[in-house]
Amino acid sequence: MPPHRVIRFMKVLLIGSGGRENALAWKIRQSSLCSELFCLPGNPGTSAWAHNVNLSALDFKAVGDFVLENGIDLVVVGPEDPLVKGMRDYFQADPNLAHILFVGPSSKGAMLEGSKDFAKQFMLRHAIPTAAYRSFTKETLSEGQAFLESLTAPYVLKADGLAAGKGVLILNNLEEAKQELANMMEGKFGAAGNTVVIEEFLKGIELSVFVLTDGKDYLMLPSAKDYKRVGEGDTGLNTGGMGSVSPVPFADELFMKRVEELIVKPTISGLQSDGIDYKGFIFIGLMNCNGNPYVIEYNVRMGDPETESVMTRIESDLLAHLEAAAKGTIASQKIVIAPYTALTVICVSGGYPESYPKGLPISGVEPLCYKAAPESVKVFHSGTKMLCQEQQETLVTAGGRVLAVTVNGPSIESCRERAYKEIEKIKFEGIYFRRDIGCDLL
C-alpha cells in the first residue's frame, strides 16, 4: 500500500485592512490547507472569509501574543508599514515566535520600498536597468535645483520614504519642479521627504510585475497595469491607484522573458549577495521603453489595486505557495494562471486624493459580491467600515479608496462593459471612478 498522505491544516493570520487584504483573504480561504483565517485588523469585506481582529498591525507585542494564544501557523503581511518597521525582525528575535512561518521580508529587505535611495543604490550595484538619478537633502537643496536645470522636462521627484503611494511628482515646468522640491524638503510628505530622489523621466508604458520568493527561488505571478492618476486620460494628482488590468497585452512571452533575465534574476541574486534573507512578495514597477524594461520602483508587498485583479487569475493554491515561500521550498511549487482577463475599477470618495468626507452610507454592494465565473464580479472592500446605530449596522465609507469592483471575462472590452454596468448599482454620496480603465490597452 502507498504511504498515507498527511495533509497539515493551517491557521493563518493576514495583516492589513485594505482591498489587497480582502482579495488575499478571498484567495487564501479557498485553500484546502486553511483551517482558519484571521485578518488583523481587516475590514467588512474580509469578514466574509476571516475572523477580523481588532488590533493595530504596528503593535507587535499584541500581534505576537495573539499569534501564540490562537495557535497561528503562518503570518502573511499585506501592507509595507509593519515590514519597514520590523515585524519580521520582532518575530525572529522572540524565541517563542521564531518558529512561526512568516511571509514578508525583514526591515533590511523592506528598505527596497522604505527608501528610494536604498533601492536605487541596490539597482546600480547589481546592474539592474533603471533611470539615472541623484539624491538630495535640505542641506543640498540648491544642488538639487541645479540638477533639475540639467534635465529636460518632465521632471520626476520622489520622496525617499513611505508616502502612502503619493510621494512621486511628475512635473513639466522647471520652476514648479524647483518649488515642489523645496516643498517636499519642508515637509509636504512629512519625514518621507527629508531626502528626495530626482531621476530622469522614462517614456513608455508602465507595468507591474509580481514575484513570490523564498530568497533563492521564485514564482512569477500574473502581471498587471495600474492607473495612478485620479483623472481620466492619466491626468490630475497621483493616488494609491484607480484601477488595474491583468494580463497586459504588450507583456508577451518575449518581453516577460527579458524582464525575468534582466530584472527578476538579478534582484533575487542581489538580495543573496547582500546577505538579505527575503521571504515574501516583491512588486517590481517597470517601464517598457521600446521593448526594454526599466525598474521604476520596488515594493515589498503586493500592489493595490493590482492584487484585486491578480488574485482572480491564480488557479493554483496560493496558501501552498505562501507556505513554501516561508519554508524556503518554493522550487517545489508550480503556479497555474488562468488565461482570461481581470479588470478592476476603484470607487473613491469625492475629493480624493485630497480631503474627503467619511461615514457616508453605501448601498448596492451586497448583491454584487462574488458572482459566479466565468464572467464573475467581485467587490473587494478597501475603505469601508460597519457603523452601528440603534442596533442596526450600516456599511459606510471610511477612506479615500472605498471599493474595488473586479470583473473577469474573455477580453478587456467585455470586462469594461460589465464592470461599469455593475458599478452603476453602487451608491454613496460623491462616488467617483475613472471610466477609462483599460482603454489605453485596447
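Ala, Val, Leu, Ile, Met, Phe, Trp, Tyr, Cys and Pro count here as nonpolar, Asp, Glu, Lys and Arg as charged, and the others, Gly among them, as polar. This is a predicted model, where local features need pLDDT of at least 70, side-chain atom pairs count only at pLDDT 80 or more, and totals for chains, interfaces and linings use all residues. Residues are numbered from 1 along each chain as its sequence is written, and side-chain values use heavy atoms, with hydrogens and water left out.

Start inside. The structure holds 1 cavity of 30 Å³ or more. A cavity is a set of points, on a 1 Å grid over the protein atoms alone, where a 1.4 Å probe fits but cannot get out; lining residues have an atom within 4 Å of a point. The volume, the space filled by probe spheres set on the points, is about 60 Å³ for the largest cavity. Its lining divides into 6 nonpolar, no polar and 6 charged residues. Helix H6 (116-125) gives the most, with 4 residues. Helices (H or I, at least four residues) and strands (E, at least two) are DSSP runs, numbered from the N terminus. Among the lining residues are Glu-113, Lys-158 and Tyr-298.

Now the sheet. It is open and antiparallel, with 5 strands in the order E12-E15-E18-E22-E19. Two strands pair if DSSP finds at least two bridges between them. Strands E12 (225-226) and E19 (377-381) each have a single partner strand, so one side of each lacks a neighbour in the sheet. Helix H12 (residues 412-423) packs on this sheet, touching E15, E18, E19 and E22. Contact means heavy atoms within 4.5 Å.

Note on methods
On a 1 Å grid over the protein atoms alone, a cavity is a set of points where a 1.4 Å probe fits but cannot get out, and a pocket is an open set with protein on both sides within 12 Å along at least five of seven lines; lining residues have an atom within 4 Å of a point. Axes are lines fitted to C-alpha atoms, for helices over the stretch in contact, and angles run from 0 to 180 degrees between N-to-C directions.
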